[in-house]
Amino acid sequence: GDLAHLHLLDGRQFRSPQACRAPGQANTGTVQPAQCPALQDPARSFLGHAQEQWLYQQLRGDSASHGHGPRWSLLGQSTLFSPRHLPSGAESTDPWDGYPAARQRFAQQIAQSGPRNTVLLGGDLHQNYVCSIARDCSQPPGKGNPVVASEFCGTSISSRSGTQQAKVDAIVANNPQVLFARCEERGYGLLDITPRAVTTELRAVANPMRADTTVYTLARFAVQNGVPGPVR
């Protein structure tokens, strides 16, 4: 109805190959940008150009200026959209970090199309991330770089994260757009969608090895109607 549209994206089948990653060779999944000019190539796409155009049509259709757009535009996609600059200066090649030009086209389209409220939902990292998405993704959100969307990236239900919280904390300290990040808990997220707000409750289990484990709320964030960006 007029409450929400859920757009599901495929970030695996149609994208350009990962930048500077030799076929058949082991790779850490990160590159130094100065050593990988292909990383910034605007011709590269995370979704594939046909899906990009489809998505932009959907966002324009959700625009509040049309008078019949939904209150919430929800975009379900396969990984973390927000930048995650590592303290080492390296950039990941698998998520949207490996496709910065395509990510900027996406953010710019959100800003230009003007859906009433845009919320991205992701996963894949086996970690919880809550982020604000700025119009210029390469720069921190601020007065001259307004927030245009919100992001919730859910953790894994049972698989380990493969990293340590100290490393995740260092990423948070280096990325103002990341409002919350945890890697040690297993669990899931619950969204409550109303005309006034989208509230996300990050649920975690005390012991993923036990079927009778207790479940608790790790954190709760809300996005208010007409106010982009999550607030704890």
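## Charged pairs and cysteines

Author: Let's begin with R12, which is partly exposed at a relative accessible area of 35%. On this scale, buried is under 20% relative accessible area, exposed is over 50%, and partly exposed lies in between (1.4 Å probe, protein chains only). The model is predicted, so local features need pLDDT of at least 70 and side-chain atom pairs count only at pLDDT 80 or more, while totals for chains, interfaces and linings use all residues. Residues are numbered from 1 along each chain as its sequence is written, and side-chain values use heavy atoms, with hydrogens and water left out.

Reader: Which residue forms a salt bridge with R12?

Author: In general, side chains of opposite charge can pair when their charged atoms come close. The criterion here is a side-chain nitrogen of Lys or Arg within 4 Å of a carboxyl oxygen of Asp or Glu. R12 pairs with D124, with 3.2 Å between the closest N and O atoms. The two sit 112 residues apart and link distant parts of the chain: R12 is in the loop between strand 1 (4–8) and strand 2 (30–31), D124 in the loop between strand 5 (118–122) and strand 6 (128–134). Helices (H or I, at least four residues) and strands (E, at least two) are DSSP runs numbered from the N terminus. D124 is partly exposed too, at 40%.

Reader: How many salt bridges does a search of the whole structure find?

Author: The search finds 10. Among them, R15 meets D94 at 2.7 Å, N to O. R15 is in the loop between strand 1 and strand 2, and D94, 79 residues away, is in the loop between strand 4 (91–92) and helix 2 (100–113). R15 is buried at 17%, while D94 is partly exposed at 22%. Salt bridges with shared partners join R12, R15, D94 and D124 into one network.

Reader: Now the cysteines: which ones form a disulfide?

Author: A disulfide is a covalent bond between the sulfur atoms of two cysteines, identified here as a pair of cysteine sulfur atoms within 2.5 Å. The search finds one: C20 and C36, with sulfur atoms 2.0 Å apart. Their S-S torsion is about 105°, so the disulfide is right-handed. C20 is partly exposed at 40%, but C36 is buried at 2%.
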